[in-house]
Amino acid sequence: MSNTENNRAHRTEEIDRKRLIVRRGQAFSLTVHLFHPLQSGHELALVLKQGKQLKASMQRWSHIIELRELKSLTSCWSGDKWWLHQQSARNELLLTVYSPARAAVGEYRLAVELMSGNRLLERTEFTKMYLLFNPWCKDDAVYFPDERLLEEYIMNENGRIFRGSADYMSGMPWNFGQFEDNVMDICFEILDRFKPARSDPPNYMRQRWDPVYISRAVVAMVNANDDGGVLVGKWQEPYTGGVQPTKWMSSVPILEKWSKSKSGVKYGQCWVFAAVACTVLRCLGIPTRCITNFESAHDTDGNLSIDRVYNIHRENYDHADSIWNFHCWIESYMQREDLPEGYGGWQVLDPTPQERSSGMFRCGPCPLKAIKEGDLNVKFDVPFVFAEVNADIINWEIRPDGQRKQLSSSSAKVGRNISTKSPYSNEREDITHQYKYQEGSAKEREVYNKAGRRISGPDGEEESKPGAV
């Protein structure tokens, strides 16, 4: 089978028809020509070298898989080992290769060896192969149960991002371009330039199978605040030395410019950060969509309220907390093997640099269920996202003796019209109900009060309390 046929079967032909690009957990075929005819007692082995040499000290991972005869395999392989199935005719072999649904994503080099006892008879030249996540495979952690929706969340290169205000929303077109030339290579470059990839390559490569780890790496790398990431943020003029954020209409020129310059591209704001992260994760094979939260809160002290503090003359006294007209992030779909059962599904991820999470500017993945139910001790960054969509606004007066008096409060102004593009059209789909119970309902107040009680409880092992930037 040719690379074109393999790629078509793996839904990667839009990326490239010449290179072998396949999805894990799904069989692909190789035709191998040998100089030595196969004889009884010969043994075949598939040699895989995983990883790319980033610097002189980078380790290369190799796995040798001996030939096993398998009689009843399906196209989606649930095993945890690589396997081969062989059909031969004279000196030509048709090999069906089965990769584990938990194999590390990235670039591989593979070759086939023909052995006779301990003697190597011949080895084919190493050829490159690229392995992606597979949301069509039930055993992959990013499996998406409704295959029709993957036409939007993986395959659609053109999207719509909503901006404006809760009362005057508008959608802007965006070209994600996840299948454009060189984009896949740039996505792998982003993973390779993540700091742990350079500081501890073996440990990093062991985690390249995990969509939780990979998505967390991507949102850290999309902003340039740590380790030379993709985009430099700027929220006010002048935009000298770069592009005004409103001028961008596609992720592709941003990614290409970053790859060529090896430095942060100027400039981005929340929807640009979100769109670029969406491109990278869709390209890697993780179902992803862009989200807009109108009247989005930024709670800097982690108390789940936006505190507006005034002096006795009603002059603003404290500007630490804030509310944005809108804020954009992404959601990616994955199982959460690191959490108790029930927290899989859509996860909030935010590459806009607002707060640090485990030492880096990033947010998530944060389960939608944890946000809606006020489960603040769940990884990652649930208190911060909960406040973005459901914080109370409290007005305070600071008296001359330093005492604070509450003037008023509102529980229904934050987190309005939470929106994403409909998978069936360019229209807006309102998903506010996925983030919280109806404002004004007893259940919404019950969840908010439960969340407030958990603020003083222990965090998840890797979760950090929000702090001011």
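**Exercise 1. Identify how many residues line the second largest pocket of this predicted model, and which lie nearest its centre.**

Solution. The lining of the second largest pocket comprises 19 residues. Nearest to the centre of this pocket are Q207, D210, V212, Y213 and F380. The next step concerns volume: the second largest pocket holds about 300 Å³ of space. As for secondary structure, the greatest contribution to the lining comes from helix 6 (residues 211-222), which supplies five residues.

F380 is placed in the loop between helix 9 (368-373) and helix 10 (382-390).

**Exercise 2. Determine where the other backbone features lie: the cis peptide bond between E237 and P238, and the positive phi of L304.**

Solution. Begin with the peptide bond. E237 and P238 are connected in the cis form, and omega is about 0°. P238 is found in the loop between strand 12 (231-233) and helix 7 (252-261).

Turn next to L304. Its phi is near 65°, a positive value in a residue other than glycine. L304 belongs to the loop between strand 14 (288-298) and strand 15 (305-310).

**Exercise 3. Describe the geometry and composition of the contact between helix 3 and helix 8.**

Solution. Two packed helices are described by the angle between their axes and the distance between the axes. Here, the axes of helix 3 (residues 183-192) and helix 8 (residues 270-284) come within 10 Å and cross at roughly 100°. Angles of 65 to 115 degrees count as roughly perpendicular, and helix 3 and helix 8 are therefore roughly perpendicular to each other. On the side of helix 3, the contact involves V183, M184, C187, F188, I190 and L191. Helix 8 contributes T279, V280, C283 and L284. The composition of this contact between helix 3 and helix 8 is nine nonpolar residues, one polar and no charged.

**Exercise 4. Carry out the corresponding analysis for the UniProt feature "binding site".**

Solution. According to the unreviewed UniProt entry, "binding site" covers N390, D392, E439 and E444. These positions are spread over 55 residues of sequence but cluster in space, with a largest C-alpha distance of 11.7 Å. Among them, D392 is located in strand 22 (residues 392-398).

Key
Residues are numbered from 1 along each chain as its sequence is written. This is a predicted model: local features need pLDDT of at least 70, side-chain atom pairs count only at pLDDT 80 or more; totals for chains, interfaces and linings use all residues. Side-chain values use heavy atoms; hydrogens and water are left out. Axes are lines fitted to C-alpha atoms, for helices over the stretch in contact, and angles run from 0 to 180 degrees between N-to-C directions. Helices (H or I, at least four residues) and strands (E, at least two) are DSSP runs, numbered from the N terminus. Angles under 35 degrees count as roughly parallel, over 145 as roughly antiparallel, 65 to 115 as roughly perpendicular and the rest as oblique. Contact means heavy atoms within 4.5 Å. Ala, Val, Leu, Ile, Met, Phe, Trp, Tyr, Cys and Pro count as nonpolar, Asp, Glu, Lys and Arg as charged, and the others, Gly among them, as polar. On a 1 Å grid over the protein atoms alone, a cavity is a set of points where a 1.4 Å probe fits but cannot get out, and a pocket is an open set with protein on both sides within 12 Å along at least five of seven lines; lining residues have an atom within 4 Å of a point. Grid points are joined across faces, edges and corners, and a volume is the space filled by probe spheres set on the points. UniProt positions are given in the numbering used here, feature names are shortened, and annotations may be inferred rather than shown by experiment.
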